[in-house]
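Hi everyone, thanks for coming. Let me put the sequence and the structure up on the screen, and then we can walk through them together.

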Amino acid sequence: MKYQTDYDFLLEQLTAVTESETDTIANLSNASAVLQMNLDEINWVGFYLVRENQLVLGPFQGRPACVRIDFGKGVCGTAAAAGVTQLVPNVHEFPGHIACDGASNSEIVIPMFHDGQLTAVLDIDSPVFHRFTETDRNGLERCAAVISKACCWQPALP
């Protein structure tokens with residue numbers, strides 16, 4: 001089944017909830033809620049923040065998740081290490097997949113940058129195999145750029 005997300009509308013919503021706020025955690029929290037409300041057939045959406053050579057769990061919507069992920073490990077760590085979006089139709093076929101929620105079957109992870117530096121990744125999981133398309137990749141990369149621009153990234157903490 002193909003999902004018809006209106007990414008222009010989603011971008012408007014993300015801009016509306018982040019444009020007048022300067023706190024990064026507040027913006028990431030609202031962004032995860034907006035994404036969760038607007039994307040069909042997802043079971044987890046949130047952010048992992050760069051802290052030294054790891055990703056550390058940030059604001060999210062869904063079940064409790066892995067707290068720390070090393071660069072290069074799992075889908076999130078691979079996206080962080082490579083600096084490119086990872087669109088995974090079947091997570092069970094992804095080498096080294098980290099199963100935080102056994103109900104997840106597909107995943108997309110978008111790296112986020114500020115001033116050329118990786119600051120976070122946007123992670124979205126679905127219980128549906130092949131949930132995410134190239135249209136989703138393009139739309140969600142645009143969403144990640146809007147969210148990243150709204151955040152006042154502090155230097156990575158130890």
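Predicted model: local features only at pLDDT ≥ 70, side-chain atom pairs only at ≥ 80, totals over all residues.

Residues are numbered from 1 along each chain as its sequence is written, and side-chain values use heavy atoms, leaving out hydrogens and water.

So, confidence. pLDDT is the predictor's confidence in each residue, from 0 to 100. The protein chain averages 92, and 94% of the residues score at least 70. Strand β4, residues 86-88, has the highest confidence at 98, and α4 the lowest, at a mean of 95. Helices here are DSSP runs of H or I, at least four residues, and strands are runs of E, at least two, numbered from the N terminus.

Now the inside. A nonpolar core is a set of buried Ala, Val, Leu, Ile, Met, Phe, Trp, Tyr and Cys residues joined through side-chain atoms within 4.5 Å. Buried means under 20% relative accessible area, exposed over 50%, and partly exposed in between, using a 1.4 Å probe and protein chains only. The largest nonpolar core has 25 residues, and L35, L122, I124 and I147 have the most contacts inside it. At least two residues each come from α1 (7-18), α2 (24-38), β1 (44-51), β5 (106-114), β6 (117-126) and α4 (134-150). A second, separate core has 17 residues, including W44, A65, C66 and F94.

What does L35 touch, not counting residues up to four places away in sequence? Its partners are L10, L14, I42, V45, L122, L140 and I147, where contact means heavy atoms within 4.5 Å.

Next, the helix pair. α1 and α4 pack at an angle of about 15 degrees, with their axes 10 Å apart. Axes are lines fitted to C-alpha atoms, for helices over the stretch in contact, and angles run from 0 to 180 degrees between N-to-C directions. That makes α1 roughly parallel to α4, a label for angles under 35 degrees. Among the contact residues are L10 and L14 of α1, and L140 and I147 of α4.

Last, two loop residues. Most residues other than glycine have a negative phi. E52, between β1 and β2 (54-62), has a positive phi of about 55 degrees, and E52 is exposed at 54%. D115 sits in the loop between β5 and β6, its phi is positive, near 50 degrees, and D115 is exposed at 70%.

Conventions:
Parallel < 35°, antiparallel > 145°, perpendicular 65-115°, else oblique.
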